[in-house]
Amino acid sequence: MNVDTEPDVIVVGAGLAGLVATYELVQAGRRVVVVEQENRANLGGQAFWSLGGLFLVDSPEQRRLGVRDSYELALQDWLGSAGFDRDDEDSWARRWARAYVRFAATEKRQYLRDLGLRLTPLVGWAERGGGVAGGHGNSVPRFHITWGTGPEVVRVFAEPVLAAERRGLVRFAFRHQVDELIVQDGAVVGVRGTVLEPSEADRGVASSRAAAGDFELRARAVVVTSGGIGHNHELIRANWPVDRLGPCPETMISGVPAHVDGRMIGITEAAGGRIVNRDRMWHYTEGIHNWDPIWPDHAIRILAGPSSLWFDATGKRLPAPCFPGFDTNRTMKEILATGYDYSWLVLTQSILAKEFSLSGSEQNPEITGKDLKLTISSRLAKQAPGPVDAFKNKGVDFVVADDLRELVAGMNRIARGPQLDHDEIERQIAARDGEVAHKHTKDFQLMAVANARRYLADKVSRVAKPHRILDPAHGPLIAVRLNVLTRKTLGGVQTNLDSQVIGPDGAPLPGLYAAGEVAGFGGGGVHGYNALEGTFLGGCIFSGRAAGRALARSL
């Protein structure tokens, strides 16, 4: 594209939603300028760092594993989890929810497959829920992992967009920070902002915000795809739902790069866009400090199977359904109700080896690198995966000991709150251990483990055979201090099903579209209060696709 040629569309943000919208636009021959405050190394944004999980319904992968799923069941789970209760703010989110679940049950898999994306054969069972059929959680496994993880999800959209760049249909304006949406005669017609000084920083590394100039670009439409507020702790604290989750954690570590700052939400609002559901957000309770960080306060989430015992900061075992992988927000509330912002997992080496994995493409090199032999050997090995073992040996949140008294002493050395009582911890673990030998048990967590092991994929690669935590044969003992890890914005810019931004009067704001996390993944909050996991990448894809296709039709 000639630099003097006015583009058809300006896309703000070169993350996954922006790439998808751009891909759809260039498929229709439209000219696009992609404006991005980071350098080219960050193409794909935070999607690159993801595990590549995708929410799919009634897929061939599910059916091969004996999982019976349907649009109706998935929609029941989605609506039960979302808990939509705001007639006005949720008006478009409800419609997005139905449309997205339909997409996940029909076109989504083939749409991605046609682009070259493939899936691993084992379907994960994430966010298993609150224990009520019509409430929060996935009734069946739906978490499909991309073969190649997040970088592969980015690649299948980035490659055709980069090819369009070579043909002159796309121009990237890297290190361009948008400060204002230009509104003229009630319509958005462009962007203004700051040209940041050049940066050679590696992907994910915090970059300079020093100004080197300014810029203005105009087009027939603007699509905002700038992400959420996940690394902006000030905005998180300002919007934290104290009445629903409890006091905002004093200590938070960041599961997304520093450039995920939420700036465009306020900028879009200033231009007339409507922001809804500001208090809805999705942060994890299983965060650990990265011993080899890339960005400030770099956090990794432990993806734990269901067997580890979970204690709050005072040493009390968390109640059902606050087990690993079940109900994120309810567990958050239980933890924060103690007045402290951390908790503990207690487990054995046998559980660590079978059940622990870590979020992120860089923490799963065998899948990211598409190494089939290494993937199989890693998942079936009796030892913990290499990245997990590295955290066990080097991570500041891990305690390893040969006996419980030594373990509790180590936990007390890194506690940010009360000192734990060995005898009380031992009493609770022994009570649980006493139930392991019984075919029937009243321990809900052991029931959950038994249920998980009835699912072939979990039994083979994810859930350890039940055993006594205090059995030395399964040692050493391990404790992990878990911190609150910031991640996703569930509210945001309200949009209709074409990703057009809604104005204060409830009508679309001419010339302005939004997609991805900045739009609550569609409608200003398609997830409602909870997420079913594997839904964030899919939400970026679906809403970016909607924006690109709507503009391709209308321009």
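This is a predicted model: local features need pLDDT of at least 70, side-chain atom pairs count only at pLDDT 80 or more; totals for chains, interfaces and linings use all residues.
View 1. Ile376 sits in helix 13 and, because its relative accessibility is 45%, counts as partly exposed.

**View 2. Inside the largest nonpolar core.** This core has 72 residues, and Leu16, Phe55, Trp78, Tyr111, Phe157 and Ile541 touch the most other members. Helix 19 (residues 536-554) is the top contributor, with nine residues. Zoom in on Ile541 and you'll find Leu16, Val20, Leu54, Tyr111, Leu112, Val153 and Phe157 in contact with it, leaving aside residues up to four places away in sequence.

**View 3. A salt bridge between Asp397 and Arg481.** The N to O distance here is 2.8 Å. Asp397 comes from the loop between helix 14 (386-394) and strand 18 (398-401), and Arg481 from strand 19 (residues 477-489), so the pair ties together parts 84 residues apart in sequence. Asp397 is buried, at 0% relative accessible area, and Arg481 counts as buried too, at 10%.

**View 4. Arg427 paired with Glu424.** Their closest N and O atoms are 2.6 Å apart. Both belong to helix 16 (residues 422-433), and because they are three residues apart, about one helical turn separates them. Arg427 is partly exposed at 48%, as is Glu424 at 32%.

Notes:
Residues are numbered from 1 along each chain as its sequence is written. Side-chain values use heavy atoms; hydrogens and water are left out. A nonpolar core is a set of buried Ala, Val, Leu, Ile, Met, Phe, Trp, Tyr and Cys residues joined through side-chain atoms within 4.5 Å. Buried means under 20% relative accessible area, exposed over 50%, partly exposed in between (1.4 Å probe, protein chains only). Helices (H or I, at least four residues) and strands (E, at least two) are DSSP runs, numbered from the N terminus. Contact means heavy atoms within 4.5 Å. A salt bridge is a side-chain nitrogen of Lys or Arg within 4 Å of a carboxyl oxygen of Asp or Glu.
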